[in-house]
Structure formats: C-alpha cells, structure tokens
Amino acid sequence: MHLNKYLTLILLYFVINLHSIPILQSSDTVQTTSIYNPEQNEGLEGGDMVPQPFQKSLTDRGVAIKPASSNRWAGGVVPYEFAANITANNSAFIVAQMRAMENLTQVNNTQCISFRPRNASDLYFITIFNGSGCYSPVGSWGSYIGTRPVSLMHGTYSTCMVSGIVQHELTHVLGFYHEQSRPDRDSYVSIQWANIDPSQAFNFVKYNDSQVDVEMTSYDYGSVMHYEWNAFALNSSGPTIIPTQNTSAYIGQRIRLSPVDILAIQRYYGCVPTPNITTTTISTTITTTLMSSTTTTSIISSMGNSSTVMSTTTTAATSVIIDTFWKL
Ligand SMILES: [Zn+2]
C-alpha cells in the first residue's frame, strides 16, 4: 500500500515536471520559488532528492550509498540521454562536465567512471531534462527498468548550469549523498537547528554507517557534495551549518569535485583499493556519535532503522525500483 502510494506520487511528480516545461520557461511564479538556490527544492529529500517510493521515512542519507553492489553503475559507465528541452548549448555544457569528472577520476590514465550516450540496448540509463530545479537519483537504482530522471533546470531566474552543480548532480547519480549527512558530521559541523525551518529539518538528518560508506575518507568541507553555510535558513543572513574543526572553512563550493570527492568515487567504483584498517574502531566511534546525537532531534532518532533500509535495498536489487532522488 505504501509502495503504491509512493509510486503514484513519484510518477505524478515526473509527469508534472516533464509536461510542464513550456510553462516553467514562461512562468515567473514557478521559477522565483527557486531563484536563490535551485538545489533547495522544499519538500524533497535532501533538497534535491526525491524519496524512493518504498521508503517509509524521508530521513535516510549519507555519503556513498550501501550496498555498493546494487547501487554502482556496471563498469562505472552511466548511459545518458537528453530530453528535447535541453538546448544544444546546455547539452554541450553538461557533457563537458561529464568529461571533466571522467578526467578528474582517472587512475593511471585509465577511466574509472564514464558517461556515454544511451544506445538502444541499454536497459538502465539517465534522462537529463529541464525540470523544476536540480535533482537526481542516488545510485544506479539497480535493476529498475526505466529511465532515471535527472533535472538540470535552465531558466530565466535560476539555473543548474553551473559546473559544480552539474558535477554535484552527477555525483548523486554515481551513488553519493550530501557530505554533511555523514555519520561523523557532528564532529565537524554544528547544525543550527534554531535557524532551520522545522518543515525543512529533514534536510539535515544524517545517515548511520549501516546505510552509507564514507570510503575511509576524512570529512571534507571542500566537497562539491556539501551544503552551503546558510542552506535552508529561516534567516538567510544567519548560518545553518557552522564548520567546527576549521571555523574559517568555506563550505558549499560548486566548482568541481574535490580531491576527497575524487578519492571516494575511485574507491566506491573499485578503481583504487579502499584501506581496510581500523574498521572496528571507526564503527565504534560512529556508533558513539550517533548515540550522543539522538537527543538532538526526534528526526535523527527516527532515521536509524537499518533493517528497513536493508530490506528496501534488497528489494531494489532483486526487482524494482526507484532509489533515492536528490535535488541538488
Ligand atoms: Zn544534492
């Protein structure tokens, strides 16, 4: 029953988006809702995600989605197609960002991940279209049959055609969540709950280490997957995220993959080995962090149902369906 309801909602969402493009391009009303940041699509998971239809909660997130085996693109290859409402200039720009990501993540002059035009035999592929905001699926969606919509809006008042925004969305596609959703984030940033609209608080929930894998990387303020300092603020002149280890760190860059982003992608796709040391110690640390943070917000305490997530993932791997979506 939940599955059907979510599926209907998601399908309606896409149908509305796909068919409202001419209206969007001429409608100030719609576009001004995202004039400041097209990544912050209120009501969507993580601001730029659409929740997977079989998920009970909107609160799961993290870095690299688990399990990698059913969320990675086979061979690191992502087939893509452009919808008709993506202009030639914008498709060239997006392809340039794909090439940049391929080059950045190369290992010994060999591509680690790649994007190529979809061919007729591809069962799994993304469709990039000019929708209402910037959002994308997280991971490959396993064996789900059908397109994975990636919205890269280009409008009068707001656009996703920024190098780091396109790379951010495509990194979601590769299987990555937002940096500040890491299990260890409370050791690196302070979330300013008082300045966050309660209805948007779900954007700041973190994942636990059964749901995500940090790929043995350190927390990265410079990640292209990190939110900016005042994301989803009630008062946008005040912060919602304060770096605590380096108080002058700039967060929210949208230029390109950071060195740590690159390493995480290379490890997730098996292009370089992931160190296997001190796993037990790290798990203990993360658990401690989670335990101490459960009193911070009821949202966090409701997120950690790993059994639900694992069964969901199993479903996705064996038959269906839609994995998590991110709006930029
Ligand atoms: Zn995002």
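The structure is a predicted model, in which local features need pLDDT of at least 70 and side-chain atom pairs count only at pLDDT 80 or more, while totals for chains, interfaces and linings use all residues. Residues are numbered from 1 along each chain as its sequence is written.

- Helices (H or I, at least four residues) and strands (E, at least two) are DSSP runs, numbered from the N terminus.
- In soluble globular proteins, nonpolar side chains tend to be buried together.

**Ile 128 and Ile 94**

- Leaving aside residues up to four places away in sequence, Ile 128 touches Tyr 80, Phe 82, Ala 83, Ile 86, Ile 94, Val 150 and Leu 152. Two residues are in contact if their C-beta atoms, placed from the backbone, lie within 7 Å.
- Ile 94 belongs to helix α5 and is buried, with 23 other C-beta atoms within 10 Å. A residue is buried if 20 or more other C-beta atoms lie within 10 Å of its own, exposed if 12 or fewer, and partly exposed in between, with C-beta atoms placed from the backbone.
- Not counting residues up to four places away in sequence, Ile 94 touches Ile 128, Leu 152 and Val 166.
- Ile 94 and Val 166 are 72 residues apart in sequence, yet their C-alpha atoms are 6.7 Å apart in space.

**Strand pairing**

- Strands β2 and β4 run parallel and are joined by three bridges; Phe 82 has Ile 128 in β4 as its bridge partner. Two strands pair if DSSP finds at least two bridges between them.
- Strands β4 and β6 also run parallel, joined by six bridges, and Tyr 124 has Gly 146 in β6 as its bridge partner.

**Helix α6 and the annotated histidines**

- Because 10 of its 12 residues are buried, α6 is largely enclosed by the rest of the structure. Among the buried residues of α6 are Val 166, His 168, Glu 169 and His 172.
- At 1.5 Å a residue, α6 should span 16 Å, and its end C-alpha atoms are 16 Å apart, which agrees. The expected span is 1.5 Å times one less than the number of residues in the helix.
- Gly 175 follows α6 and has a positive phi, near 125°.
- The UniProt annotation "binding site", from an unreviewed entry, covers His 168, His 172 and His 178. Such annotations may be inferred rather than shown by experiment.
- His 168 lies in helix α6 and counts as buried, with 29 C-beta neighbours inside 10 Å.
- His 178 lies in the loop between α6 and β7 (189-191) and counts as buried, with 30 C-beta neighbours inside 10 Å.

**Confidence**

- The mean pLDDT (the predictor's confidence in each residue, from 0 to 100) is 74 for the protein, and 66% of its residues reach 70 or more.
- Over residues 7-36 the pLDDT is below 50, and this stretch has 29 contacts in the model beyond near neighbours in sequence.
- Residues 51-62 stay under 50 in pLDDT, and the model has 53 contacts for them beyond four places in sequence.
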